[in-house]
Number of protein chains: 2
Amino acid sequence: MVRSPATVDVFNAIADAHRREILDVLVGGEMPVGAIVDELAISQPQVSKHLRVLSQVGLVHCRALGRHRLYRLNPTCLRPLQEWVAKYEHMLNARLDRLDDYLTELQRQEGTGSNEQQGAP
Amino acid sequence: MVRSPATVDVFNAIADAHRREILDVLVGGEMPVGAIVDELAISQPQVSKHLRVLSQVGLVHCRALGRHRLYRLNPTCLRPLQEWVAKYEHMLNARLDRLDDYLTELQRQEGTGSNEQQGAP
DNA sequence: ATGACATATTCCCTGTTGGACATATGATGG
DNA sequence: CCATCATATGTCCAACAGGGAATATGTCAT
């Protein structure tokens with residue numbers, strides 16, 4: 001209910017792998033839809049829809065050129081994301097408690113992740 | 001079909017605002033579920049569910065202490081996200097193609113008169 | 001053992017999502 | 001004006017997410 005329409009929020013926009021791929025392709029520079037379709041082998045309607053979402057969020061800009069639509073990145077809109085991640089970066093870069101790291105690896109060995117929370121030590 | 005269950009991928013995990021809030025709260029340090037519930041005013045079952053997702057993705061670790069479960073951040077798992085954003089950071093910080101930037105500003109029709117980004121071709 | 005507390009899990013429901021497919025829009029060239 | 005290219009949009013569908021409420025699990029205190 002409270003869930004935002006996702007086409008309005010950068011975090012949701014980049015939650016989709018295809019959308020991320022499209023953005024990654026667009027790093028190469030402005031290009032028409034066809035080029036993206038060709039690079040990614042996603043159906044053209046899908047690419048258009050994803051571009052629409054990205055556009056609504058503001059992550060890409062569109063420019064008409066003849067019958068082509070040239071899309072290009074507008075990385076500015078990644079700022080909120082960047083800032084959010086930045087809050088954690090200092091924890092990322094600083095070495096954590098070695099024990100913590102060790103426990104992390106231990107827990108990872110469970111693999112299936114069916115139940116991360118184990119009983120009391 | 002190809003769509004991953006979303007509870008498996010960091011990008012999806014942080015797509016949810018509530019999940020982000022929980023992480024943000026956990027920046028304050030290890031704490032039990034009740035504290036999170038209290039801070040965020042999300043229902044306890046919901047918090048537990050979100051914690052489960054975060055746990056599966058690896059973003060949080062859990063430790064049992066008596067009848068409490070102490071959760072704490074594991075920012076390491078934000079690396080993929082950080083790296084992905086990093087690809088765009090240089091575009092964010094560096095001046096873009098002066099023309100692109102110029103056009104962007106034009107399209108935005110911003111009248112703030114900020115001068116800082118000059119193309120200077 | 002019993003009851004109180006802290007947390008996890010289950011069931012149900014509704015809204016949204018992304019994909020496939022077909023079709024509409026819009027521009028271009030003859 | 002018509003055919004064609006490039007892209008957008010609409011419809012239908014299966015899957016899933018997240019919320020609420022009730023309930024199960026597990027732990028402590030007495």
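**Figure 1. Contact of helix α5(A) with helix α5(B) in a predicted model.** R79(A), L81(A), Q82(A), V85(A), E89(A) and L92(A) of α5(A) meet R79(B), L81(B), Q82(B), V85(B), E89(B) and L92(B) of α5(B). Two residues are in contact if their C-beta atoms, placed from the backbone, lie within 7 Å; helices (H or I, at least four residues) and strands (E, at least two) are DSSP runs, numbered from the N terminus. By class, this contact of α5(A) with α5(B) has six nonpolar, two polar and four charged residues. Ala, Val, Leu, Ile, Met, Phe, Trp, Tyr, Cys and Pro count as nonpolar, Asp, Glu, Lys and Arg as charged, and the others, Gly among them, as polar. Residues are numbered from 1 along each chain as its sequence is written, and chains are lettered from A and ligands numbered from 1 in the order in which they are written. As the model is predicted, local features need pLDDT of at least 70 and side-chain atom pairs count only at pLDDT 80 or more, while totals for chains, interfaces and linings use all residues.

**Figure 2. Crossing of α5(A) and α5(B).** Both helices span residues 79–93 of their chains; their axes come within 10 Å and cross at roughly 125°. Axes are lines fitted to C-alpha atoms, for helices over the stretch in contact, and angles run from 0 to 180 degrees between N-to-C directions. The two helices are therefore oblique to each other (under 35 degrees counts as roughly parallel, over 145 as roughly antiparallel, 65 to 115 as roughly perpendicular and the rest as oblique). Their crossing is left-handed; that is, the near helix is turned anticlockwise from the far one by less than a right angle, and clockwise in a right-handed crossing.

**Figure 3. The side of chain B that touches chain A.** The contact takes 31 residues from chain B and 32 residues from chain A. Elements giving two or more residues to the side of chain B include α1 (10–13), α2 (17–26) and β2 (60–65). The largest share, ten residues, comes from α5(B). By class, this side of chain B has 16 nonpolar, nine polar and six charged residues.

**Figure 4. Relation of chain B to chain A.** Chain B is superposed on chain A by a rotation of 180° with 0.0 Å of shift along its axis (RMSD 0.1 Å). The two copies are thus related as by a two-fold rotation axis. The superposition is by least squares on the C-alpha atoms of residues with pLDDT of at least 70 in both copies. Of the residues of chain B, A15(B) comes closest to the rotation axis, at 3.1 Å (C-alpha).
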